[in-house]
Amino acid sequence: MDPYTLILMAVMICREAPFEPRQTQLAVAQTVMNRADHPGWWGRTPEDVIIAPYQYSTMTAPGDKQLTSWPTSRGALLSGCLGVAKDA
């Protein structure tokens, strides 16, 4: 996975399942990979899937408070999500 995709995936995991157990975070990441493996209207790549409208509301839904924020206050959390993204 290229660095851009890795970071995008980590941010998505951090926003969608910030305080869930690692296994749950891996399951969230796997939804991206499954959708990319079975392209339809979701997209053909993990990046396409993550930024597809309303697939992951914290990444694309207008008005979502997380949409315009970078999870800087969650440094350790983001680091952990980066590890989950690598494992996905």
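Reader: In what order do the elements of the chain run from the N terminus on?

Author: In this predicted model, the order is α-α-α-α-α, starting at the N terminus. The count is 5 helices and 0 strands.

Reader: How far can I trust the coordinates, and in which helix is confidence lowest?

Author: Where pLDDT is low, the predicted coordinates should not be read in detail. Here the chain has an average pLDDT of 85, and 89% of the residues score at least 70. Confidence is lowest in helix α4, residues 57-60, with a mean of 80. It is highest in helix α2, residues 22-37, at 95.

Reader: What share of the chain is buried?

Author: A residue counts as buried when its relative accessible area is under 20%. Of the 88 residues in the chain, 41% are buried. The accessible surface of the chain is about 5100 Å², and carbon and sulfur atoms supply 58% of that surface.

Reader: How much of the contact list comes from residues 24 or more positions apart?

Author: Taking contacts in the chain with a separation of 6 or more, 54% join residues 24 or more positions apart.

Reader: Take Glu47. Where does it lie, and is it buried or exposed?

Author: Glu47 belongs to helix α3, which covers residues 46-51. Glu47 is buried and has no salt bridge. A salt bridge would need a side-chain nitrogen of Lys or Arg within 4 Å of a carboxyl oxygen. For Glu47, the nearest side chain of opposite charge is Arg44, 12 Å away.

Reader: Which residues does Glu47 touch, leaving aside those up to four places away in sequence?

Author: Glu47 touches Asp2, Tyr4, Thr5 and Leu8, with residues up to four places away in sequence not counted.

Key
Residues numbered from 1 in each chain as written. Heavy atoms only, no water. Helix = DSSP H or I, 4+ residues; strand = E, 2+ residues; numbered from the N terminus. Buried < 20%, exposed > 50% of the residue type's maximum accessible area, 1.4 Å probe, protein only. Contact = heavy atoms within 4.5 Å. Areas by Shrake-Rupley, 256 points an atom, 1.4 Å probe, with all protein chains shown as cover. Lys, Arg positive; Asp, Glu negative; His and termini not counted. pLDDT = per-residue confidence, 0-100.
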